[in-house]
Structure formats: C-alpha cells, structure tokens
Amino acid sequence: MSNDAAPDAFAVVRVLSIELIDGGRTLGVRLEKADGTEVVLLLSQAVASDIHLQMAAVLNSAD
C-alpha cells in the first residue's frame, strides 16, 4: 500500500460489466481505463445507491 496522500485518479473510457457479487450485497464494476487497462471497483449496495443519488442530482442540476 502507498502512503501517498493523493487520490487515485484515472480516465474511464468504457464500462465493461456490472455484476452482483457476495450474495448480492456488493456490486463489482469493471471499467476500461484510457490506457487500455482494466480496473475493478467493489461497491457495497449503500455506496452504489449513494453514487446513484448524487449523480442524478448533479445531472438534474445541469438542465
């Protein structure tokens, strides 16, 4: 693990898949980064729901 205080940041060019894992309690989100590599995010249902609500609010405010 890194002790670097900077957050990991990368451009995503494509969503490869989203799957329920861990008995449906976790979402596994596979993304393709701009450099062609893949990254996987593991999100609890609570975190995924929060992301969904925050994204909807931001997108609605852009109208």
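Entry 1: I started at V15 and looked up its bridge partner in β2, which is L31. This is a predicted model, so I kept the ground rules in view: local features need pLDDT of at least 70, side-chain atom pairs count only at pLDDT 80 or more, and totals for chains, interfaces and linings use all residues. Residues are numbered from 1 along each chain as its sequence is written, and side-chain values use heavy atoms, with hydrogens and water left out.

I then checked the strands themselves: β1 covers residues 12-21 and β2 covers residues 26-33. They run antiparallel and are joined by eight bridges. Two strands pair here if DSSP finds at least two bridges between them.

**Entry 2: D22.** Where does D22 sit? I found D22 in the loop between β1 and β2. That hairpin has four residues between its strands. I noted phi of D22 near 55 degrees, a positive value in a residue other than glycine.

Next I looked at exposure, with buried meaning under 20% relative accessible area, exposed over 50%, and partly exposed in between (1.4 Å probe, protein chains only). D22 has 43% relative accessibility, so I put it down as partly exposed. I also took the C-alpha to C-alpha distance from D22 to S44: 9.6 Å in space, for 22 residues in sequence.

**Entry 3: the whole chain.** I listed one helix and three strands, in the order β-β-β-α from the N terminus on. Both kinds of element are DSSP runs numbered from the N terminus: helices are H or I with at least four residues, strands are E with at least two.

The radius of gyration is 14 Å, well over the 11 Å that the globule rule gives for 63 residues, so the protein is more spread out than a compact globule. I used C-alpha atoms for the radius, and the rule is 2.2 Å times the number of residues to the power 0.38. Along the principal axes, the C-alpha atoms fill a box of roughly 35 × 35 × 25 Å.

Buried residues make up 17% of the 63. I also checked contacts (heavy atoms within 4.5 Å): of those with a separation of 6 or more, 2% are between residues 24 or more positions apart.

**Entry 4: surface.** I got an accessible surface of about 5200 Å², with 57% of it belonging to carbon and sulfur atoms. The areas come from the Shrake-Rupley method with a 1.4 Å probe.
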